[in-house]
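Subject: Handover of a structure and the findings

Dear colleague,

Please find the structure below, passed on for your records. My notes on it follow directly after.

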Amino acid sequence: QSQLSQALNGLSDRAKEAKEFLVQLRNMVQQIQENSVEFEACLVAQCDALIDALNRRKAQLLSRVNKEHEHKLKVVRDQISHCTVKLRQTTGLMEYCLEVIKENDPSGFLQISDALIRRVHLTEDQWGKGTLTPRMTTDFDLNLDNAPLLQSIHQLDFVQMKVSSPVPAPPILQLEECCTHNNSATLSWKQPPLSTVQVEGYILELDDGNGGQFREVYVGKETMCTVDGLHFNSTYSARVKAFNKSGVSPYSKTLVLQTSEDTQSEEQTLPFPVPLERSQLRRMSPFSSTLNLQPSFSGRSYFELRSSAHQLSLHSSLQSLNSAVDIKKMVAVAWFSFDPASAHADIIFSNDNLTVTCNSYDDRVVLGKTGFSKGLHYWELSIDRYDNHPDPAFGVARIDVLKDAMLGKDDKAWAMYVDNNRSWFMHNNSHTNRTEGGITKGATVGVLLDLTRRTLTFSINEDQQGPVAFENLEGLFFPAVSLNRNVQVGARSGSP
C-alpha cells in the first residue's frame, strides 16, 4: 500500500502538470489565432501600400504620356496651321499670275512681270527643304521597363526574424561635450558604462524650437553630431535612442538647449561657464562639413536635462560649480565666416575664411556658414581689391543657389550688384531700382537683414543705397557674395 501510494503521488504530479500544459496549449491556440489575424492585417497593409505606390506611379506615368500626347498634337497642329496659311498665300499668288498671263497689253504685262517672277521664286524658296517634312513623329518614344519590378514582386517573400540579442539600453547624453554656437548645436552621447548589448547605430531627434513634434536629424554610428541652420534665440529639445537588429532602445533623457541671441540684447548671465574653445568637437556634422566655434563671438549656451517624470535643471545641479567661478555678463551676437564646402570651386579663401576672391573672370558665388531665419542681422563686406570696374553682388541666398552665375540670376538669391558708378537690385534675373553711387577699393558694403519686418536693405560706406531692396522675405537665408578675379572681399560680422 505504501509503494502504491507513493507511485500514485508521482502520477498525480504528472497529471497536474499535464492539466497545466493543456491550459498552456489552449492559450497558445488563442494566441496563435490573435497573432495570425495581426500578421494577416500587417501583410495586407504592406501589400496595399505597394499597390497604392504602384497606382501613384501609374498615374504619374500616364500624366507623362498625356503630356507627350499633347506636345505632339500641338506641334502637328501648329505645322498644319502654318502650312495652311502658306498654301493659301501660294494659291492666291498662282491665281493672280494666271490672270496676268492672260493680259493682252504687252506694255502692261512687262511693267509687272519682273516683280511677279521675283515673288514666285521667293514663294517657291519658302517651300524649301524641310518645310513639307513633319516636325513630329507619330510614334511614342517611350518604353516602360517593368522587368526588374516584376522580378522583385516574384521574389517577394517572408524573412525569418530571429532575436539574437536584446535591444540596447537608452544612451546617455554627455552634457560636458554639448554646446551651442550661433544657430548650431553640437550634441554628444554614449552607451551606459555597464551595457554589453551591441549597438548598430543611433537616431538623434530635435523638435522645431516651438515645442512641436520631434524630427529625425541624424541616423548613423557616430556618437556626436552638429546640427546647423536652427533658429536664433530659440529653445530646442533633443533626445537620442540606439538601435540594433533586435529593435530600438527607449529614448535618452531630453536635453533642452538655447541657441544664441540674434541681435544685441540686454546683458545676460550665463547659467554656467562654457569653454570657449571646443576644437575636440570637430568630429562630424550631418549638415555642414566643419564645426566653426570662434571665441571672439561665442554664443550663449544653456542646457537643461529632462526626464519623463520630472525636469532636472543643469543650472541647479551645477550651482556649487558656479559659486566658485566668476560668471561674466556678455552680449551674444551672430557671427559667420565664408563656407568652402558650399562655395564654387573657383573661389579662393584666406584669412581664416573671412576673405575671398576668385581665379575666374566669370562670376562665382560663395555663402556664409551661418543661416538666419528670424531676428535682425547686420554685416559688412570690405572691398579689399577692385580692378577694371567689375560688378560684384552682395546679399542673401538659399543654400541651393546657383554657384556659377551672378548672385540674383535665379529665384534663390536677393542681391545688390554694383560697379564704380551705380547699383541695381536683382532677384530671379529681374533688375530694379538703379541708384547712383558705386564702390572703389576700400569701400564698405553693409547688408541689413530684418526678418522681423521681412526686409533687406543695403548701404555703401554707411549710407543707405536706394530704397528698401526686398520685402516679404521668409525662410532660411545665408549671407552671399558673387565676384570674379578682379575683386577681393572681406567679411566683418558679429556686429551688434
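I begin with a loop: E462 lies between β23 (455-460) and β24 (463-464). Please note that this is a predicted model. The phi angle of E462 is near 70 degrees, which is a positive value in a residue other than glycine. With a relative accessibility of 67%, above the 50% cut-off, E462 counts as exposed.

Strand β3 deserves a paragraph of its own. This strand spans residues 184-190 and is mostly covered, with 6 of its 7 residues buried.

- Strand β1 (residues 172-173) runs antiparallel to β3 and is joined to it by 2 bridges; I172 has K190 as its bridge partner in β3.
- Strand β2 (residues 179-181) is also antiparallel to β3, with 3 bridges between them, and C179 stands opposite T186. These two strands, β2 and β3, form a hairpin with 2 residues between them, and N182 in the turn has a positive phi of about 55 degrees.
- Strand β6 (residues 224-227) pairs with β3 in the antiparallel sense over 4 bridges; here T186 stands opposite T226.

Turning to the helices, α1 covers residues 2-101 and α2 covers residues 106-126; their axes come within 11 Å and cross at roughly 155 degrees. Because angles over 145 degrees count as roughly antiparallel, α1 and α2 are roughly antiparallel to each other. The crossing of α1 past α2 is left-handed.

Lastly, the aromatic residues. The structure holds 9 aromatic pairs, and one aromatic cluster is formed by F232, F336, F338, F372 and W379. Two arginines are placed over rings: R239 lies over the face of F214, at 3.9 Å from the ring centre, and the charged end of R485 sits over the ring of Y361, 4.8 Å from its centre.

With kind regards

Note on methods:
Residues are numbered from 1 along each chain as its sequence is written. This is a predicted model: local features need pLDDT of at least 70, side-chain atom pairs count only at pLDDT 80 or more; totals for chains, interfaces and linings use all residues. Side-chain values use heavy atoms; hydrogens and water are left out. Rings of Phe, Tyr and Trp (its six-membered ring) pair if their centres lie within 6.5 Å; planes under 30 degrees apart count as stacked, over 60 as edge-to-face and the rest as tilted. A charge sits over a ring if NZ of Lys or CZ of Arg is within 6 Å of the ring centre and within 35 degrees of the ring normal. Buried means under 20% relative accessible area, exposed over 50%, partly exposed in between (1.4 Å probe, protein chains only). Two strands pair if DSSP finds at least two bridges between them. Axes are lines fitted to C-alpha atoms, for helices over the stretch in contact, and angles run from 0 to 180 degrees between N-to-C directions. Angles under 35 degrees count as roughly parallel, over 145 as roughly antiparallel, 65 to 115 as roughly perpendicular and the rest as oblique. A crossing is left-handed if the near helix is turned anticlockwise from the far one by less than a right angle, and right-handed if clockwise.
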